[in-house]
Amino acid sequence: MRNRLTQFYFLFLVVFSQIASVNQAFSQSESKREVLYSESEKLMLSKPNEALKVGVHLLKNSDEGEDKAKINFLIAKIYTIKADYNNALIYLFDAVKLSKNTKLITEINIYKARVLRLLYLDKQSKICLDEAEKELINIKDDAAFTYCYSLIVLEKTLMDLDRQKYKLALATIESTDVKFQAGLKIAEIQLWTSIIKGKIHIGLGNYTEAQENYTVAEEILNKSNSTNYFAKSYLLLGKSTVFFNQKKHEKSLSALLEAYDISRPLENMYLDESIGNQMAINYIALNDRENYKKYTADTKKIITRIDNAEQESVNTAYNLFSQQFETNFQQAKQKSVKRFYTVLSLAVLLIFGFVVFWYRFVSKKKRLNEIIKYLEVTRKSIIIPVEKKEEGKKISIPLETEQTLLNKLKRFENSVRFTNNDISLAVLAGQFDTNTKYLSEIINKHYNVNFNTYINKLRINFIVEKLKSDPNFMNYKISYLAEVSGFSSHSSFATVFKSITGITPITFIDLLKNEREALIQKNDAYEK
């Protein structure tokens with residue numbers, strides 16, 4: 001009897017030890033996976049390729065469900081940092097299908113909105129952001145809610161910022177909303193809020209405020225234990241823009257060179273294009289034509305790669321949305337009467353057809369008006385002297401003096417002195433050895449405009465001729481065109497350009513590109 005008890009006891013110890021070993025091995029495996037996941041999260045901000053290798057390894061060894069959804073989302077974030085939006089979308093759509101975690105689904109939808117915004121799919125981006133807000137209300141954890149809420153606010157701000165609605169973007173991000181203010185206690189939210197506000201202030205021409213925000217962002221990065229090359233690249237790019245607008249070109253180039261070095265591992269084409277373009281305009285400002293040509297040529301190559309990648313990403317986005325729509329439709333169809341959905345589908349198609357027809361009609365009409373305005377701008381000079389008006393003269397000017405001032409105005413128009421942003425009626429009168437009343441009266445009488453309108457027309461005429469004669473100018477950013485033609489800010493240039501020509505600078509450039517491409521194709525066909 002005692003021997004049997006001993007044998008049973010021995011067998012119990014063996015089984016127990018085996019179970020303990022299995023549990024310990026499982027625990028160690030889980031611990032290792034968590035360490036690898038955490039390591040990948042840290043690496044993606046400085047060495048995304050290494051982070052991606054870890055993420056792919058984790059995905060191969062993950063189970064279905066939340067674990068796989070979480071890793072898919074991690075890989076999607078890595079691809080977003082690398083600006084590989086095609087792969088980012090694929091993994092985001094996979095992640096959202098696998099997860100039932102409200103916080104994770106909310107974050108995934110925010111990232112989907114972000115990628116779609118960057119691809120200018122605004123309608124789809126808004127749909128995803130609306131989905132994120134719907135999920136948000138179901139998050140019970142206060143910290144998770146605050147974090148996701150803050151991400152949504154930042155995404156809304158970025159949408160307005162990217163579409164150059166600077167005042168609206170500033171109002172959103174400077175909101176006194178208690179929930180967003182709570183989110184500013186999170187270092188990541190505070191960092192990106194400062195960087196985004198810096199960019200908004202640049203758009204508004206508030207360079208001092210922009211510099212202050214970039215200083216705050218720099219302090220946050222310095223306090224951080226992680227190496228965040230992604231955020232620092234955008235920070236340095238913003239600082240370089242501030243320096244450029246302050247005419248501190250050497251400082252601007254220094255910031256750009258640092259951004260260029262640390263952004264290499266990110267392999268982000270959009271960062272490369274922004275840095276290269278900024279380098280080019282600094283070198284042209286310094287009259288360094290060799291470096292200007294080099295960076296302009298490099299930037300053009302990057303833009304071509306971006307265009308190709310964007311086209312592929314947009315196609316992927318539409319395919320994924322179509323698949324998602326199809327899946328949802330099939331699920332709904334199984335729960336509903338076939339006739340109901342047939343009628344609904346017909347109604348949707350009719351409405352869609354009407355909307356498409358109406359949209360095409362309105363677009364065609366708008367395009368026709370734009371082309372007419374464009375032809376008016378490109379076929380005649382904006383500055384056209386009018387016939388002399390003898391009636392209503394307020395100041396008597398000697399005929400000889402009047403003719404002298406008119407000759408000086410002609411020479412002034414043939415120069416580029418009007419592109420100096422400090423030009424004024426008093427300054428020009430001093431240069432002409434006359435008084436402001438005489439000069440103002442001559443301009444009113446012979447051009448039928450006041451001094452400010454006269455200068456603005458000269459500047460717009462100057463930049464229109466530059467765009468027509470030098471194809472490189474069509475690739476510059478609007479802010480640089482504003483700077484070159486003498487305007488103090490992007491917004492004032494755009495406003496004046498449209499008020500004088502009837503169309504926006506972007507529309508004018510697009511039409512000019514179309515005309516140039518059509519001419520090239522025509523010449524090619526003629527040569528053949």
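Which residues in H20 are buried? In this predicted model, the buried residues of H20 are Phe451, Tyr454, Ile455, Asn456, Leu458, Arg459, Ile460, Asn461, Phe462, Ile463, Val464 and Leu467.

**Helix H20**

Helix H20 runs over residues 451–469 and contains 19 residues. From its first C-alpha to its last, H20 reaches 27 Å, close to the 27 Å expected at 1.5 Å a residue.

Asn450 is found at the start of H20, where one of its side-chain oxygens comes within 3.3 Å of the backbone nitrogen of Asn452.

**Helix H14 and its ends**

Helix H14 comprises 17 residues, 269–285. The distance from its first C-alpha to its last is 24 Å, close to the 24 Å expected at 1.5 Å a residue. H14 is mostly covered, with 16 of its 17 residues buried.

The N-terminal end of H14 is capped by Asn268, which has a side-chain oxygen 3.0 Å from the backbone nitrogen of Tyr270. Just after H14, Asn287 adopts a positive phi of about 60 degrees.

**Packing of H14 against H15**

H14 packs with helix H15 (residues 289–335) at an angle of about 155 degrees, and their axes lie 8 Å apart. H14 is therefore roughly antiparallel to H15, since angles over 145 degrees are counted in that class. The crossing of H14 past H15 is left-handed.

On the H14 side, the residues that meet H15 are Met269, Tyr270, Asp272, Glu273, Gly276, Asn277, Met279, Ala280, Tyr283 and Ile284. Their counterparts in H15 include Arg289, Tyr292, Tyr295, Ile302, Arg305 and Glu310.

Ser240 belongs to helix H12, which covers residues 229–245. Its relative accessible area is 0%, so Ser240 is buried. Not counting residues up to four places away in sequence, Ser240 touches Ser252, Ala255, Leu256 and Gln278.

Ser40 is located in helix H1, residues 2–43. Ser40 counts as buried because its relative accessibility is 0%, and the cut-off for that class is under 20%. With neighbours within four places in sequence left aside, Ser40 is in contact with Ala51, Val54, Gly55, Leu74 and Ile78.

Definitions and conventions:
Residues numbered from 1 in each chain as written. Predicted model: local features only at pLDDT ≥ 70, side-chain atom pairs only at ≥ 80, totals over all residues. Heavy atoms only, no water. Helix = DSSP H or I, 4+ residues; strand = E, 2+ residues; numbered from the N terminus. Expected span 1.5 Å × (residues − 1). Buried < 20%, exposed > 50% of the residue type's maximum accessible area, 1.4 Å probe, protein only. Polar contact = N/O pair within 3.5 Å; in protein donor to acceptor, adjacent residues only side chain to side chain. Contact = heavy atoms within 4.5 Å. Axes fitted to C-alpha atoms, helices over the stretch in contact; angles between N-to-C directions. Parallel < 35°, antiparallel > 145°, perpendicular 65-115°, else oblique. Left-handed = near helix turned anticlockwise from the far one by under 90°.
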